[in-house]
Number of protein chains: 2
Amino acid sequence: MNWRVEVVVSLKKSILDPQGRTVERSLHSLGHGNSSAVRVGKHIELELSGEQAAVEAQAHQIAREVLTNPVVEDYHLTLFATTGSEAGR
Amino acid sequence: MNWRVEVVVSLKKSILDPQGRTVERSLHSLGHGNSSAVRVGKHIELELSGEQAAVEAQAHQIAREVLTNPVVEDYHLTLFATTGSEAGR
């Protein structure tokens, strides 16, 4: 079975986000004065093949150990079942 | 009214993703041989205040003109209503 995994990696709320601040300043200077709290993170998509329980555990392991710096970042993970053809294999 | 906007910016399917390829190679060398099709994009969150229709149009304008390079990237946008306190203003 094939699975599509979507991982959103974002800086922890307590960590300053200079890139987000820069985007926010740009938005204000472009006339979007009603914007605030801009945070920039990563969005990673990948395909995994295998049984659901194993793939779920593996996806969390990948997110935790490869995609996220746990000192400053949090992640959020979603798993979608795909057909063999949609997964492109 | 306050709104939380989540924008996912990803490279178009037809565009090569060297960062994704690098992550994929790392995953394979770490024993995740069942992984494929890794794509790395951006996840941007921001708050906007205003009426729904106006904010929706504004969010798309920001995504299109500020957050995305339309030549090589696509975006996907979601709008959530938040209470005044949750929006932190």
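How much area is buried between chain A and chain B, and what percentage of it do carbon and sulfur atoms give? This is a predicted model, in which local features need pLDDT of at least 70 and side-chain atom pairs count only at pLDDT 80 or more, while totals for chains, interfaces and linings use all residues. Residues are numbered from 1 along each chain as its sequence is written, chains are lettered from A in the order in which they are written, and side-chain values use heavy atoms, with hydrogens and water left out.

The size of an interface is often given as the accessible area lost when the parts come together. Here the buried area (the accessible area, with a 1.4 Å probe, that two parts lose on being put together, summed over both) is about 2,400 Å², and carbon and sulfur atoms give 56% of it. In chain A, the residues that lose the most area to chain B are His32(A), Asn34(A) and His43(A), together 22% of what that side buries. Counted by contact, meaning heavy atoms within 4.5 Å, 27 residues of chain A meet 27 residues of chain B.

On the side of chain A that touches chain B, the elements giving two or more residues are helix H1 (18–29), E2 and helix H2 (52–67) of chain A, where helices (H or I, at least four residues) and strands (E, at least two) are DSSP runs numbered from the N terminus. The largest share of this side, 15 residues, comes from E2(A).

Within chain A, Arg4(A) forms one with Glu6(A), with the closest N and O atoms 2.5 Å apart, and another with Glu45(A), with the closest N and O atoms 3.4 Å apart. Because Arg4(A) lies in strand E1 and Glu45(A) in strand E2 of chain A, this second pair ties together parts that are 41 residues apart in sequence.

Strands from both chains also line the largest pocket: E1 (2–11), E2 (35–49) and E3 (73–82) of chain A, with E1 (2–11) and E2 (35–49) of chain B, each supply at least two residues of its lining. The largest share of that lining, 4 residues, comes from E2(B).

Notes: Salt bridge = Lys/Arg side-chain N within 4 Å of Asp/Glu carboxyl O.
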